[in-house]
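Here is a short report on a two-chain model. It starts with strand pairing, then turns to the contact and the backbone.

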Amino acid sequence: METIRLKKGLDLKIKGEATKKVLTTISPKVIALQPSNYKGVFPKLHVQEGDTVKAGQIIFSDKKREQICFTSPISGTIKAIVRGEKRKLLAIEIAPDGKNDYLTFEPISEVSKANRDEIQKRLLESGLWAGIIQRPYGIIANPTDTPKGIFISSFNTAPLAADLNFTTKDEVDAIQIAVDALCKFTDKIYVNVKADAPASPLSRLKNVVFTAFKGAHPAGNVGVQISHIAPIGKGDIVWTISPMTLIAMGKLFSKGIYDTQRLVAVTGQRVKEPAYVKCLPGTSIQSICEAFEIEKEVEICGQECGIRYISGNVLSGEDVGENGYLNFYDDQITLISEGNYRELFGWAKIFRPKKFSLSHTYFSWLTPKKKYKVDSNTNGGERPFVVNGVYEKVLPMDIYPVYLLKAILAQDIEKMEQLGIYEVIGEDLALCEYVCPSKINIQEIVENGINLMLKEMA
Amino acid sequence: MENPILKLIDKIKPTFSKGGKLSWLHSTFEAFETFAAVPSTTTKGRTQIKDCVDLKRVMIAVVVALIPPFLFGMWNTGDQHATAFGLEWGFWLKVWFGFYKVLPLFLVSYIVGLGIEFAVAQVRGHEVNEGYLVSGFIIPMIMPIDIPLWILALSVAFAVIFGKEIFGGTGMNIWNPALLARAFVFFAYPSVISGDTIWIEGLTNATSAIDGFSGATPLAIAAEGGEAPSLLQMFIGNIPGSFGETSTIAILLGAAILIFTGVASWKIMLSTVIGALAVGFLANALAPAGSFSAYPAINHLVMGGFAFGAVYMATDPVSSAQTEVGKWIYGFSIGALCIILRLFNPGYREGMMLAILLMNTMAPIIDYCVIRPNIRRREKRAATK
């Protein structure tokens, strides 16, 4: 097995790691499907308020690619269809009936003998196709494409991320079934494992190509891994799938049901005893938080600070708010403090022991093992690019990030192609945004660039 | 219990906000507000947390690194004056004299520079950028101590407006603003920045200087084939010259701070020295004995503005090369050009300013060439499919 060593990157040491135990299975009062979870999808609604649905029943589909549909993770009734400005579809809320009725699909007993059409049909009708992400752009894969390869990262290096060794340990059989099915779509399935670490359960898989990665975050990001195994160029298409989706695929083929139940790490310093829970995507944050003791009152610099509820991790998650839901692709919730406090002469203090900085203008590098409490304060105002060479320290890719970002800002498609827009999505540059002294919203710029490419290349 | 400063800010804020009486001073107020306290803004995008370093911290680190040459400059100004006029002054009197003489320069630099910055930020509706904290500190340090204040004010205004604001402010400029101020004086008022007497306070129009004291800088002396001060003396910096540039040892202290904090690139500093030595040694090897080209290469490192330029000006992250490989080429070229100019430009021996400004101009081309292979790799991969 080849081992790829990444020298650049940064492991943020943050308080609030989940202990490896499953606290409970959440039975939510409400579950929501949010079209905004799926990049580039224009929803076409298939249900009305009051309809009863089963798990696996279609809720909406993509207007542009009708065969891609999104299904209910649970059985119940459509409680509300929430719309925003210009009647934009925000969420479809489902009140579970507690019966766990599944729409049954015909199981495929021996996936290795099935053909691509059969497997594809099952994935599309069940709604699990949405779990297959295409690179470039990070959108849902096209059913008509044949990817150069399918990439699976078996470990997550993001701050406080769910330990996939823990969450996949009993599911290898299901994952093997999914991998066998996916072999019909491509010649090569790459499984990337962490070097010098307890062996991933996924390392027992067959019919796959293993590559080991060594290094700090973002070594676990599948985009970074692809750029070291087979960089994506113009016209290339590869797919990526998370282990979580593979488990659901395995269950779909073996049992014929759409079951996206997953282990979710509930993390962050505002959770008193962080641990894992079992729940469905779309579960309301509130019902997950009810299972935990939350630190309600926290003061920073003598000022009361609320809680920021993040679906995902602190680097590339989404601030969903107290009334939000667990996003479809996430297996983590992070609760940190809102940073709406002012720190007197904060930038001028010689020592700021409670804050971490990669920069040696502070002294946190002297205490490399210390874990920090984090908050959402930007720690300064937004400025143009001034300091150089900082992003490069945390981006283990053959890319000049500032030049790519400037090409995007200038909307120069040719330059964007030349500088590697196909190789990145926002999360790959999340650390660059974290360390940026000019506080530039890099992920937003990258996503704007990708949207521009999607528009121009369509 | 809320802090009284924060309380005061909250109290006067409405006056400066939209609709308030002084809303036209909004940007100025905001600059002072964020100076006093890190604002309460929170992240909006996908990255939910941010590193606690910001541009204010970076800039203040550079200012801290400028303090050793600043302190030395105060003493040296007094000492040079005392030597020129045969005065028997004690240490503190010399320091006080230097402080007293340089204070107006700093005041003019900051008042004019920040005044323009604040006005432009106000007109554009931007936040005030911290960049001038450093430029404003550097400008008085690279000027002769005797410079008339109105010329200083003019050069600062030129540097800020034409060096920075017309490009869009800090981060968008092509040349180092502080050097541009010096270049302005050099080209517009050449008599002010050349000659032997301007480097020592009061010498230009003096009648009471001791006999035979020229005040010439070591660089000028050496170029004329005279007996320059010893290497050690130049290294310590007890010589005539611009306020902050004379002491290599103080500048090295500053360099240590810059490298330690990672604010400035050690690659640029090192490659500048290598470039200078390369040309210097080559000249030493080829030149006839007795000519200025035969002057020991190592001495060039401690003369004139070389050290100050290499540490504080060439490393300006905005106007230098941005790519890591580019930094080596950029620094080497500055060092090499500086010595070439010193050796072969009899009109003006101090080559550092022109070398850095020229390489500032070339930096984007260097970066372009460094990035080309990256682009070509990508194109090649696409072609071989």
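Two strands count as paired if DSSP finds at least two bridges between them. By that rule, in this predicted model, strand 23 of chain A pairs with strand 1 (residues 37–38) of chain B. Two bridges join them, and the strands run antiparallel. A:Glu343 has B:Val38 as its bridge partner in strand 1 of chain B.

**The contact between the chains**

Chain A brings 76 residues to the contact and chain B brings 62 residues. About 6100 Å² is buried between chain A and chain B, with carbon and sulfur atoms giving 54% of that area. On the side of chain A, A:Arg342, A:Trp347 and A:Arg383 lose the most area to chain B. Together they account for 16% of what that side buries.

Seven salt bridges are found across the interface of chain A and chain B. In one salt bridge, B:Arg381 meets A:Glu423, with the closest N and O atoms 3.4 Å apart.

Which elements of chain A each supply at least two residues of the side that touches chain B? They are strand 20 (307–311), strand 21 (318–319), strand 23 (343–344), helix 8 (413–419) and helix 9 (430–435). Helix 9 of chain A gives the largest share of that side, four residues. The residues of the side of chain A that touches chain B divide into 33 nonpolar, 25 polar and 18 charged.

**Chain A overall**

Chain A has 10 helices and 23 strands. Its radius of gyration is 22 Å, close to the 23 Å that the globule rule gives for 458 residues, so chain A is as compact as a globular protein of that length. The C-alpha trace of chain A spans about 65 × 50 × 45 Å along its principal axes.

**Strand pairing in chain A**

Strand 14 (residues 209–214) of chain A runs parallel to strand 1 (residues 2–5) of chain A, joined by four bridges. Strand 13 (residues 189–194) of chain A is also parallel to strand 14 of chain A, with five bridges.

Elsewhere in chain A, four strands form an open antiparallel sheet in the order 3-9-8-5. Strand 3 (31–33) and strand 5 (52–53) of chain A stand at the edges. Each has a single partner strand, so one side of each is left without a neighbour in the sheet. Strand 5 of chain A pairs with strand 8 (residues 76–83) of chain A over two bridges, in the antiparallel sense. A:Thr52 has A:Thr77 as its bridge partner in strand 8 of chain A.

**Backbone exceptions**

Most residues other than glycine have a negative phi, and most peptide bonds are trans.

| Site | Backbone value | Location in chain A |
|---|---|---|
| A:Arg135 to A:Pro136 | cis, omega near 0 degrees | A:Pro136: loop between strand 10 (133–135) and strand 11 (139–140) |
| A:His217 to A:Pro218 | cis, omega about 10 degrees | A:Pro218: loop between strand 14 and helix 4 (222–229) |
| A:Cys301 | phi near 50 degrees | A:Cys301: loop between strand 18 (298–300) and strand 19 (303–305) |

The phi of A:Cys301 is positive, in a residue other than glycine.

Note on methods
Residues are numbered from 1 along each chain as its sequence is written. Chains are lettered from A and ligands numbered from 1 in the order in which they are written. This is a predicted model: local features need pLDDT of at least 70, side-chain atom pairs count only at pLDDT 80 or more; totals for chains, interfaces and linings use all residues. Side-chain values use heavy atoms; hydrogens and water are left out. Contact means heavy atoms within 4.5 Å. Buried area is the accessible area (1.4 Å probe) that two parts lose on being put together, summed over both. A salt bridge is a side-chain nitrogen of Lys or Arg within 4 Å of a carboxyl oxygen of Asp or Glu. Ala, Val, Leu, Ile, Met, Phe, Trp, Tyr, Cys and Pro count as nonpolar, Asp, Glu, Lys and Arg as charged, and the others, Gly among them, as polar. The radius of gyration is taken over C-alpha atoms; the globule rule is 2.2 Å times the number of residues to the power 0.38.
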